[in-house]
Amino acid sequence: MPFPRASQALSRFTVLDLTRIRSGPTAVRQFADWGANVIKIDALSDDAGSEQPGGPRQGSDFQNLHRNKRAMTLNLKDPRGLAVFKRLVEKADVVVENFRPDVKARLGIDYESLKTINPGIVYGSISGFGQDGPYHKRPGFDQIAQGMGGLMSITGAPGEGPMRVGIPVADLTAGLFCALGVLTALLERDVSGQGQWVQTSLLQAQIFMLDFQAARWLMEQDVPKQAGNNHPTSIPTGVFRTSDGYINIATTGGKIWERCAQAIGAPELITHPDYATGPARSKNRDALNAAISACTEKRTTEKWVNDLNAAGVPCGPIYSVDQMFADAQVKHLGLAQDVPNDQNRKITLVAQPFTLSRTPSHMAARPPEVGEQTEELLAEFGFGADEIAELRRGKVV
């Protein structure tokens, strides 16, 4: 049966979505938004109106994670439900799950079991700490990964203790890395004809995202510290007060620093011995920041944004979320998109952050209700009307 596709880019792939909460749905959203046939497998116990991890089904969080999918119910704890799932796997390209590592083996839906049914299946797994090792059975949570992954030790103001980041960065990046891994495996399958198991975790994703901060330790044995709004290495870069708020100013290298000093009306700072070199500016960052703030406090944020950009100095306002969506460039980029739906509900969600020129992504369908397309999907996979009716009677779907 035809259904709305968000794009044609990945329309040849069928993805079975066993994920919950955030990291897994983030991975699968990449496939749904680019047109894959994504089938969300709802447990029979799912309740659209109940309070669940991630919020209610019609809440903003769930809606943003599960658009452009279809859904069916299936009891994987029933042997008949497992048999149904394996029939789906025969024709699918991808399975994505974020159960604890021991759960999928207990259910009989682990990679080793499914590849005997479909050797081409690409199986994506996200866990808290990995599929094996001393912590693999621990439950994963974003903030735990932020702490164990080093991020909280370098976030926040010096001396004020560790601070979590304001978004679930470990969850989100683990999801994105899983999607990237699955796409990589699908590309490799074009050559080998074989699927494989893609594994990532919140901990791995968080450590990878430390990037140059992690490299500072690995290469130089330098343990990064909290720097607040200051950039750890590019000085001066940070938040400066204006006459009506705050502004971000970023300087990298001597030339941009000289442009900045000229633009704020303080050329004497360029030759000041405490600020004449990069190491000197780093050593005396607090005094330099105070000198810059004494200048920036004299004008409005808007005035400084215009003047500094004209001088070639990276800068920008510091928005609240509502101000951000009202910005002219954000509107131009189309990052807030309305979702068509037959329920007369206002659904506006965050669009994909990259574009394709021939096969763009768009909001094609609202998130499905619990098991909304169960019969439709089973029929597409070759189940007859009598079989579907029997599965219903047996409370398998």
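**Salt bridges and cores: a chat**

Biologist: What does Glu-372 count as at 34% relative accessibility?
Modeller: Glu-372 counts as partly exposed, because its relative accessibility is 34% (buried is under 20% relative accessible area, exposed is over 50%, and partly exposed is in between, with a 1.4 Å probe and protein chains only). By the way, this is a predicted model, where local features need pLDDT of at least 70 and side-chain atom pairs count only at pLDDT 80 or more, while totals for chains, interfaces and linings use all residues. Residues are numbered from 1 along each chain as its sequence is written, and side-chain values use heavy atoms, without hydrogens or water.

Biologist: Okay, which side chain does Glu-372 meet in a salt bridge?
Modeller: That would be Arg-366, at 2.7 Å from N to O. A salt bridge here is a side-chain nitrogen of Lys or Arg within 4 Å of a carboxyl oxygen of Asp or Glu.

Biologist: And why does Arg-366 count as buried?
Modeller: Because its relative accessible area is 11%.

Biologist: What about Arg-392, what does it pair with?
Modeller: Arg-392 forms a salt bridge with Glu-375, and their closest N and O atoms are 2.6 Å apart. That pair links distant parts of the chain: Arg-392 sits in helix 18 and Glu-375 in helix 17, 17 residues apart. Helices (H or I, at least four residues) and strands (E, at least two) are DSSP runs, numbered from the N terminus.

Biologist: How exposed are those two?
Modeller: Arg-392 is partly exposed, with a relative accessible area of 35%. Glu-375 also counts as partly exposed, at 35% relative accessibility.

Biologist: How many salt bridges turn up in the whole structure?
Modeller: A search finds 22.

Biologist: Switching topic: how many residues are in the largest nonpolar core?
Modeller: There are 29, and Leu-16, Met-72 and Phe-85 are among those with the most contacts inside this core. A nonpolar core is a set of buried Ala, Val, Leu, Ile, Met, Phe, Trp, Tyr and Cys residues joined through side-chain atoms within 4.5 Å.

Biologist: Which elements supply at least two residues each?
Modeller: Strand 2 (37-42), helix 3 (79-91), helix 4 (101-107), helix 5 (111-115), helix 17 (374-380) and helix 18 (385-393) each do. Helix 3 gives the largest share, five residues.

Biologist: What is Phe-85 in contact with?
Modeller: Leaving aside neighbours within four places in sequence, Phe-85 is in contact with Leu-16, Leu-18, Leu-74, Leu-76, Val-95, Ile-109 and Leu-114. Contact means heavy atoms within 4.5 Å. Apart from this core lies another core, of 25 residues, including Phe-31 and Trp-34.

Biologist: Back to helix 17. How far apart are Glu-376 and Tyr-275?
Modeller: Glu-376, which is found in helix 17, is 101 residues from Tyr-275 in sequence and 69 Å away in space, C-alpha to C-alpha.

Biologist: Last one: where is Asn-289, and what does it touch?
Modeller: Asn-289 is in helix 13 (residues 285-296). Asn-289 is buried because its relative accessible area is 13%. Not counting residues up to four places away in sequence, Asn-289 touches Asn-230, Pro-236 and Phe-240.
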